Amino acid sequence: MLPYKSLQEAEATLGRELTVAQKLWLNYSANKPDYILHYHNIMFLIIFYSIIPLPYVFIELSCSKKMDRYKIQSKIKKSFWDMFNCYTDVMQIFLLVVGPLQLFSYPTIKWIGIRTDLALPTVWEMFWQLLVYALIEDYFNYWIHRWLHSKWGYQKIHHVHHEYAAPIGLAAPYAHWAEILILGIPSFLGPALVPGHIITYWLWFILRQMEAIETHSGYEIPWSPTKYIPFYGGAEYHDYHHYAGGQSQSNFASIFTYCDYIYGTDKGYRCHKSILKKVSIGNISMLILLGFEVIVRQLSYIHGFSIMD
């Protein structure tokens with residue numbers, strides 16, 4: 001909790017006028033204990049999980065031919081009840097596993113040094129901290145994910161997440177309760193090693209959830225802003241991992257692609273892409289030849305002679 005009860009007290013103690021952002025933060029957090037600010041994380045988790053997947057839900061239910069071309073596994077469609085059941089299953093995990101974890105983790109948050117004071121981070125400070133968090137999470141998540149694809153890890157834990165061979169946004173956190181806890185470690189490791197302000201802490205978990213929902217969405221949207229992030233995996237990249245299923249030894253990384261490239265676990269995906277590209281080129285060539293043949297036959301019919309002879 002901030003040591004100031006009013007704006008006047010804060011400015012008098014600091015000897016200067018507060019910025020607009022600091023005034024807003026003071027008004028919001030002055031009377032809230034730090035543990036209440038920490039528990040905002042579970043609130044944000046539920047709110048953003050309920051909102052961010054909605055566009056993908058509407059696209060899936062609309063059966064729009066215009067959007068179907070962006071569907072990665074186009075032959076598989078989910079009904080409203082399929083998605084609703086997934087949502088309720090995930091909410092149970094949030095309330096029974098993630099919620100209590102948030103309650104008991106508060107002392108750790110204080111110990112590592114997550115701040116709630118008026119020294120708000122600059123935009124650049126937040127950017128670099130978030131980038132460090134993403135790199136740390138991606139690296140350690142990669143190795144844990146590989147372990148989850150061992151025989152024991154998959155059979156006992158990870159098979160639950162792979163029930164969705166064609167993933168949907170709502171299924172991003174759909175997993176065994178033990179997997180939720182295990183994969184929460186890499187997400188928490190960045191803030192633990194490079195602690196910052198609680199606003200950065202909130203934003204990190206919000207962005208991480210948004211990224212997970214997008215990569216599980218089942219749609220490769222060409223105008224997504226994430227297309228401009230270097231080495232970003234995205235929906236198509238992670239969709240292949242689910243498509244390959246339990247035997248998958250490819251595309252383990254959660255955010256970026258560098259770990260898969262360095263350790264050679266993207267070979268299956270690259271081979272898959274190469275085959276699809278060859279098939280696509282072959283289909284285009286076949287369509288061109290068929291189109292040419294149709295034109296020639298039409299000319300033959302109109303002019304009364306056979307050009308094909």
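Trainee: Does R208 count as buried or exposed, and at what relative accessibility?
Mentor: Keep in mind that this is a predicted model. R208 comes out at 14% relative accessibility, so it counts as buried, the limit being under 20%.

Trainee: Okay, and which side chain does R208 meet in a salt bridge?
Mentor: That's E137, with N to O at 3.1 Å. E137 lies in helix α9 and R208 in helix α12 (residues 198-215), so the pair ties together parts that are 71 residues apart in sequence.

Trainee: Is E137 buried or exposed?
Mentor: Buried, because its relative accessibility is 0%.

Trainee: What else does E137 touch, leaving out residues up to four places away in sequence?
Mentor: Besides R208, E137 touches P186, S187, W204, S254 and I255.

Trainee: How many salt bridges does a search of the whole structure find?
Mentor: Eleven. One of them joins K227 and E220, whose closest N and O atoms are 2.3 Å apart. K227 is partly exposed, at 41% relative accessibility, and E220 is partly exposed too, at 22%.

Trainee: And which residues are linked in a network of salt bridges?
Mentor: R115, D117 and E125. Within that group, the side chains of R115 and D117 meet at 2.7 Å, N to O. R115 is partly exposed at 25% relative accessibility, and D117 is partly exposed at 30%.

Trainee: Switching to helices. How do α7 and α11 pack?
Mentor: Helix α7 (residues 80-104) and helix α11 (residues 177-193) pack at an angle of about 35°, and their axes are 10 Å apart. The crossing is right-handed.

Trainee: Which residues meet there?
Mentor: From α7 you have I93, V97, V98 and L101, and from α11 you have W177, I180 and L181. By class, that contact has seven nonpolar residues, no polar ones and no charged ones.

Trainee: Last one: why is helix α13 described as largely enclosed by the rest of the structure?
Mentor: Helix α13 covers residues 235-244, and seven of its ten residues are buried, so the rest of the structure largely encloses it. Among the buried ones are Y237, D239 and H242.

Trainee: What follows α13?
Mentor: G245 does, and its phi is positive, near 80°.

Terms used
Residues numbered from 1 in each chain as written. Predicted model: local features only at pLDDT ≥ 70, side-chain atom pairs only at ≥ 80, totals over all residues. Heavy atoms only, no water. Buried < 20%, exposed > 50% of the residue type's maximum accessible area, 1.4 Å probe, protein only. Contact = heavy atoms within 4.5 Å. Axes fitted to C-alpha atoms, helices over the stretch in contact; angles between N-to-C directions. Helix = DSSP H or I, 4+ residues; strand = E, 2+ residues; numbered from the N terminus. Left-handed = near helix turned anticlockwise from the far one by under 90°. Nonpolar A, V, L, I, M, F, W, Y, C, P; charged D, E, K, R; others polar. Salt bridge = Lys/Arg side-chain N within 4 Å of Asp/Glu carboxyl O.
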